[in-house]
Amino acid sequence: MITRLWSALALAACFQVQPAAASEPETVLTRDYILWYRNYDNPAIRNLVELALHKTSEYGEFRIIRSEEISQGRALRELGNPQSRILDIANVATSEERETFLNAIPVPVDGGLLGFRVCLVLPEQLSLFEGVSSLDDLRKRDIRIGQGAHWPDTPILEANGINVITHTRYEILFGMLRNKRFDCYARGVSEVLFDLQHNKVEDLVIEPNILLAYAMPSYLFVAPEDHETAQRLQLGLERAIKDGSFAVYLKNWFGRAVSSLGLDRRSVITLENPYLSEESRYVGRRTLENLERRVELLSVGD
């Protein structure tokens with residue numbers, strides 16, 4: 001089921017993939033791909049990029065290099081700058097604007113889980129969320145949500161009438177939560193366990209009862225003129241989908257999160273996302289419609 005689903009998504013891509021022909025087959029070239037540091041430090045995303053590149057050996061050998069530590073906003077600006085070589089690949093949530101000025105590989109890297117969000121909170125703030133089960137409840141209690149200033153989540157949440165507090169750096173937001181600048185640091189289902197393990201946030205807890213859900217696929221992006229890298233990544237992901245290794249990847253990296261967060265027991269608060277392209281709107285809508293089936297497929301166990 002999941003293999004057929006993502007096959008359909010991959011085949012809906014905006015260009016046909018044609019591998020670059022090697023002018024000198026006997027020469028093995030090594031290409032360095034600079035991956036945004038946040039993605040490089042996340043083993044799930046780095047593993048997916050490696051998977052796509054390994055599936056396309058005809059393009060040559062490769063190395064994945066960690067970029068310098070820059071904000072998401074700057075990372076995307078540098079990626080869109082033809083004079084810059086600060087990075088080659090970034091995985092971020094998509095938007096119509098991003099798909100306009102960057103080259104998107106339209107396969108959701110985490111099966112669409114980034115648009116499913118839980119709250120990191122201070123333990124003493126848990127009572128604020130008791131009985132919350134709807135968007136109206138969030139608004140009436142004026143629950144403030146922390147997000148990155150350049151993340152597409154921010155205008156989505158604001159468009160739904162939620163009070164959003166922002167900062168340009170992901171890491172700084174943890175301290176702002178501790179200082180009660182906001183009440184909920186909304187993190188993707190595919191991100192939050194990594195956050196807890198790698199950011200020394202033992203004093204924070206995951207709120208157990210609500211799930212924010214909005215259509216927001218997360219894609220790999222490359223520079224607008226870097227067609228070879230886009231084609232290689234797309235072809236590698238299509239091959240992984242067809243041979244089943246993409247489904248294995250999803251379960252290996254995200255199955256534990258889906259199970260441990262108890263998504264099937266949470267109150268789902270659905271938000272509208274008015275900032276998607278038509279293609280990504282379709283992908284995101286299918287993700288929301290198939291939440292129950294997706295949870296079943298990704299849950300740990302047989």
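Reader: Why does Lys200 count as exposed?
Author: In this predicted model, Lys200 has a relative accessibility of 69%. The term exposed requires a value over 50%, and therefore Lys200 counts as exposed. Lys200 belongs to the loop between helix H9 (192-198) and strand E9 (205-206).

Reader: What makes the phi of Lys200 worth a remark?
Author: The phi of Lys200 is near 50 degrees, a positive value in a residue other than glycine. Most residues other than glycine have a negative phi. Lys180 also has a positive phi, near 60 degrees.

Reader: Where does Lys180 lie, and why is it called partly exposed?
Author: Lys180 follows helix H8, in the loop between H8 (170-178) and strand E8 (184-188). Its relative accessibility is 42%. Since buried means under 20% and exposed means over 50%, the value for Lys180 falls in between, and the residue counts as partly exposed.

Reader: How do you know that the buried residues of H8 line one face of the helix?
Author: The buried residues in H8 are Tyr170, Leu173, Phe174, Met176 and Leu177. Seen down the axis of H8, these residues fall within an arc of 165 degrees, so they line one face of the helix. What covers them includes helix H2 (37-41), strand E5 (116-121), strand E6 (145-148), strand E7 (164-167), E8 and H9.

Reader: What makes Tyr170 and Phe174 an edge-to-face pair?
Author: The structure holds 8 aromatic pairs. One of them joins Tyr170 and Phe174, with 5.3 Å from centre to centre and 80 degrees between the planes. Ring centres must lie within 6.5 Å to pair, and an angle over 60 degrees counts as edge-to-face; the pair of Tyr170 and Phe174 is therefore edge-to-face. Both residues lie in H8, 4 residues apart, about one turn of the helix. Tyr170 counts as buried at 6% relative accessibility, and Phe174 counts as buried at 3%.

Reader: Which kind of pair do Phe174 and Tyr185 form, and why is it said to tie parts together?
Author: Phe174 and Tyr185 form an edge-to-face pair, with 5.0 Å from centre to centre and 65 degrees between the planes. Phe174 lies in helix H8 and Tyr185 in strand E8, so the pair ties together parts that are 11 residues apart in sequence. Ring pairs link Trp151, Tyr170, Phe174, Phe182 and Tyr185 into a cluster.

Reader: How do you know that Cys119 and Cys184 form a disulfide?
Author: Their sulfur atoms are 2.1 Å apart, and the rule asks for a distance within 2.5 Å. The pair therefore qualifies as a disulfide. The count by this rule comes to 1 disulfide. Cys119 lies in strand E5 and Cys184 in strand E8, so the pair ties together parts that are 65 residues apart in sequence.

Reader: Why is this disulfide called left-handed, and are its cysteines buried or exposed?
Author: The torsion about the S-S bond of Cys119 and Cys184 is about -85 degrees, so the disulfide is left-handed. Cys119 is buried, with a relative accessible area of 2%, and Cys184 counts as buried at 0% relative accessibility.

Conventions: Residues are numbered from 1 along each chain as its sequence is written. This is a predicted model: local features need pLDDT of at least 70, side-chain atom pairs count only at pLDDT 80 or more; totals for chains, interfaces and linings use all residues. Side-chain values use heavy atoms; hydrogens and water are left out. Helices (H or I, at least four residues) and strands (E, at least two) are DSSP runs, numbered from the N terminus. Buried means under 20% relative accessible area, exposed over 50%, partly exposed in between (1.4 Å probe, protein chains only). The arc is that of the directions from the helix axis to the C-beta atoms. Contact means heavy atoms within 4.5 Å. Rings of Phe, Tyr and Trp (its six-membered ring) pair if their centres lie within 6.5 Å; planes under 30 degrees apart count as stacked, over 60 as edge-to-face and the rest as tilted.
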